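Dear colleague,

Please find the structure below, handed over for your study.

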Amino acid sequence: MPPNTTAWSTASRGAPTRFDLIALVLVIGLFAFLAAGSRGVLAPLAVVESNPISLDPSHLPEYAARTTLRMLAAMALSLVFTFTYATWAAKSVRAGKILVPLLDVLQSVPILGFISVTFVFFMSLAPGRVLGAEYAAIFGIFTSQAWNMAFSFYQSLRTVPTELTECAKSFRLSPWARFWRLEVPFAVPPLIWNMMMSMSGGWFFVVASEAITVGSHTVTLPGMGAYIARAIEERSLAAVGFAILTMLIVIVIYDQLLFRPLVAWADLFRFEQEPGAIPPRSWVLEALGKSNLLARLLRLLRRSRRQLGIAFSAAPGLPRFEPQQHSRLLDGVGIAVLIALLALAGWQTDRLLAPQFAWRDVGTAVGLGAITMLRVFVLIALASVVWVPIGVWLGLRPRMARIAQPLAQFMAAFPTNLLFPVVVAAIVNFKLNADLWLSPLMILGTQWYILFNVIAGAAAMPGEMRAVGTNLGVRGWLWWRRIALPAVFPFYVTGALTASGGSWNAAVAAEVASWGNEHVEAAGLGAYIANATTEGDFYKIAIGCVTMSLYVLIINRLLWRPLYYYAERKFRLS
Amino acid sequence: MNANLKPAPSAEPLLDVAHVRKTFPRGDGNELLVLEDVSVKLAPGEIVGLLGRSGSGKSTLLRLIAGLSEPSGGEVRYLGRPVAGPAEGIAMVFQSFALFPWLTVYENVALGLEALHVARDETRSRSLAAIDLIGLDGFESAYPRELSGGMRQRVGFARALVVHPNILLMDEPFSALDVLTAENLRTDFLDLWADGKMPIKGVILVTHNIEEAVQMCDRILVFASNPGRIVTTIDVGIPRPRDRNDAAFAALVERIYVEMTAKPGRGPKAPVERTPGTGIDTVLPRVSSNLLSGLIETVAAQPFAGKADLPEIASELQLEIDDLFPVAESLQVLRFADVEGGDLRLTADGLAFAEGTSDERKKLFARHLLANVPLAAHVKRVLDERASHTAPKSRFLDELEDHMAPEAAEQTIRALVSWARYAELFAYDDEAGMFSLENPT
C-alpha cells in the first residue's frame, strides 16, 4: 500500500502533535470494538457454503470478471470516501485537525488486519449468504485503496491556487459549484495517478480477501484470488501458470480501457503545462471522442448537469464575507465529542484486551516486529543497491526509459502472491532456511517503486547539468557521489518510503506461505498476525496490528519524513 | 584587450573548426541537418561571437567544440589536435547556470579540480582565488538557491575559470538575467578580460542579442537556420571600451539587422529555405494574432507612420530578435508588410488593418490568410468539398510530414489553427483532433 508522500507538506511536519495521539487511540479503539464484536458472534455464525472453485481454466474469464468487478466496486467506494472525508478534512479546520492524523494512522494499519476484524461484521449483515462475504472482500480491497487517494485529494484541495479561488469567489460561485468547477478538476490529475497506484496495490490483497479464513471459518468467493488460493492448495503449477497469464491480460485490458483514457483525459485539467512535455494519448479516448453517439450522450448529460447546477449553484442573497472566526460553541461541542469518542475507544480497547492482557504478549509482538523491521530495512537496502544504478543508467537514456518505465509500473501492478508457490516449493525442496528465503517475497512487489522513481529522477536531470559534468571531466565514483546520486536522491526517498510501507503490509502475506500441505514460516510480526487470523484469535490480531501500526508510524516519523524534508530542501532541482 | 592588438594571422589558432556538419537522426529514419559546412577559427586573444536566431545551430556548434557531441562531418581541432570527447582546457558557461543545488558555492567551483585530481591544498587556493576574482568573496558557503541570478552566473564563471582553460565557451550566459544584471556582469567580464586577469586565451560567445555581440566580440559570425550555417562574418573594429551611443556602434547594429533580415537567395550559398508562402510545405511560425496586430499598430502609429527601422522597434518594444523576427516574418508571409534592409514597411492592407474595426480586421485577415497561406486554402477547400464539412488533423499532418520534420508539422498546424480561429475561417476541436467549418455551439 503506497503511502502518499506529497500530503506530508501540509500534514504536520515534525514532532507528533497531540492529535496524532488522539487519532492513534481512536483507531485502536475501533479495532478493538470490531475484534471484540467478532469474538462474540463467531460461534453462532453458520459456515457459508459457496460453490467450490474449479481449477479448469475455462472458468478463468468469469473469475477474472468477478474479481475486477469487486476491485471496481471498491474503487467506487474509495472515490466516495475520498470526496467526502478528504473534503471535510480540507474544508473544516476543526475537523481537519483530527481527520488528517486519523488517515495517517489508518494508512499504517496492516490491511489483512482490517479484513480479519471486519469479516464477522460484514458476514452478519447478510447472514447465511455469500453477499456478506462479498461485502467483506470489497471492504478489504477498499482499505488497500482508499487512504492514499484521500491524501492526494486533501493535498490538492489545500493547494488550489489562491487566484483561482478568489476568481471563483468574485463570480459568486456557491461552494457546491466551486467544488465541482474548480477544486475537483484541479485535483483530478494527481487523484488519477493515485488511483492507478491503489489499483496495483489492491491486486495484492485480492487473494487475501477472496479466500478468507478466520478461525475455523473459510469463505471462498469465486474470483481470481480464490482460484490462486485453490491452485496453491492443490499444488497445481499449471493452474498458477493460467492465473499468471489471466492476470497479465486483465492488467493490460484495464490499463488500456480505463487508466490510459483517464490519464489522457486528465491532462486537460493540468494547471501548469510545462512546454515540450509530450501529452499522454489514448486510442480509446480518441475513438470515443470521434463517436457521434457518445457526443450526443455527453450533450444530454451536460444539459441535465446544467439544470442541476442551476438548482445548486445560484448564490442567493447579498454577497457576504465568509466567517473568519470559529464559534466558541462549536469548538466546545467538537472537543466534547472527541473526548466521548476517546473514552469509548479506551473502553472498547480495555474490554477486548483486559481479560487476557499480559505485557509478555506485547513484548513478543514488539520482538517479532524488530525482526520484521530488520528484514524490511535489509531488503530496501539490497533493492536500492540493485535498482539505483540501473535506474540512473536507464533514466539517462530516454529511449530505454520509455520502455522500462511502463514495464516497471506493470511489474508493480502484478500481484506477486502468484510467485509465492514457486519460492515455497524451492524452500521445501532444497530445505532452505525459511527465515532467510521467505524474506525476498516482501519486496518482490514493492521494489519497483524504487526503480521507477529513480528512473524519473535521472530523466528529470537538466541536460546542461549533465553537460557540466562532462565538460569538467567528472567521472567514476566522483560522478556518482557529486552528481548522479544527489540528483536522484529526492526521487529515491519517495520510492523507498513507498516500498517500505508496502513491504510491511506484504509481510503479513509473505512471512507465512504454503504450497499444498507444506507450510513454511519465518519468524516475524507478519507471521504473528497471519497465524492469529487463521486461529481466529482476536486478542492476538489486535496486539499484532497495533504493534505493526506503531512500527510503521514511528519509522515514518523518525526516518522517512525527516529524510524526505531534508531531500526536498537540499537536493530538489527547482 | 584592444581590437587593434589582434595577433598576427600567422599565429597558431587556438581552435580550428573546419567544414563541420551535424545531423540528428529523426523518428522516420531520415536525418535532420542542423549544421552545414561551418568553419570557425579562434586566435589567441580573440572573442568570437556566434549570432543567430534560435534553431540556427549555434549552441550545437558550441557543444561540438566542447566535445560534448561528435560532428557528423568535418573536424574540430584544438591546439592542432582533433577534439575527441571533452577536452581539458575548454570550459563552458551555461545559459541556465547549471549549478548543482546540493553543493555550496565553494564545492561547485572546486568540482572541476576534484575531477582533475588536483592536490587538496591547491584545489583550495585555486578555488578561493577564482571565487575572489569573480567577486563572490564571502559567499563560499552559500547554496545556489540562496543567490540571485547574477550571483549564480558568477559562480558559473568561477567554476569555468578555476580549471585554467585556454578557451571559454559561453552559451547565452546573460540571457536568463534581467537587463541591469546582465549589463553589470558583461561589463565586469570585459574589465577582467581587458586587464588580462583571467587565465583564458580565447572566448566563444553564443548569443541572439545583437547589441551584446557588438559590445563584446572582436568578430561576429552571423548564422542562418534550416540548416544552420554561417552567412556573414563581421569584424568589429570599434575600440574598447565600447559605447552603445557611439555612432559606429549603432551603425554596426543596424548593419547586422540588415544582414539578418535579408531575403534568402542572396547569400553566398544556394538557399535551402523556401521563399515564404510558396506552397503548403512552408513551416509557419507560431505567432499569436495579438502580436501581429500589436506590431501593425505600432508601426502604423507615430513616430513610425507605416515604416520602421527594426533595431528601433526592437528597443521600443523591448523585444529580442528571437521574438521580433518571427512576427515580422509572419506579417511578410501574410503580405501585411515588407521587410527589407532592416526596415519593416506596412502594405496598403497592413495600414487598412491598423485602421479597421475588430470585424473588418478579421475579414481582412481571413482574406489574406486564404490568399497567401496555401495550407489555409488547402484545409478550407477540403472542408468545403466534404459532405460532413469536417476533416481530421492527422490527414493534414501526414501531408505536411512529407515535407518537414514531425515537430515542425505539428507547430505549423498549431499556428494555422490559431490564425484560422482569429479569422473565423474554420474551427478546430483539439480533443477530437477535428477541423470543421462551423463553430461549436
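In chain B, 39% of the 441 residues are buried, a residue being buried if 20 or more other C-beta atoms lie within 10 Å of its own, with C-beta atoms placed from the backbone. This is a predicted model, in which local features need pLDDT of at least 70 and side-chain atom pairs count only at pLDDT 80 or more, while totals for chains, interfaces and linings use all residues. Residues are numbered from 1 along each chain as its sequence is written, and chains are lettered from A and ligands numbered from 1 in the order in which they are written.

Chain B contains 15 helices and 16 strands (DSSP runs, H or I of at least four residues for helices and E of at least two for strands, numbered from the N terminus). The C-alpha trace of chain B spans about 80 × 50 × 45 Å along its principal axes. Of the contacts in chain B with a separation of 6 or more, 70% join residues 24 or more positions apart; two residues are in contact if their C-beta atoms, placed from the backbone, lie within 7 Å.

Chains A and B also meet. To this contact chain B gives 22 residues and chain A gives 21 residues. On the side of chain B that touches chain A, strand E6 (90-93) and helix H2 (105-115) are the elements that give two or more residues. The largest share of that side, 4 residues, belongs to H2(B).

In chain A, Ala542(A) touches Phe31(A), Ala32(A), Ala35(A), Leu352(A) and Leu353(A), leaving aside residues up to four places away in sequence.

With kind regards

Methods
Buried ≥ 20, exposed ≤ 12 C-beta atoms within 10 Å, placed from the backbone.
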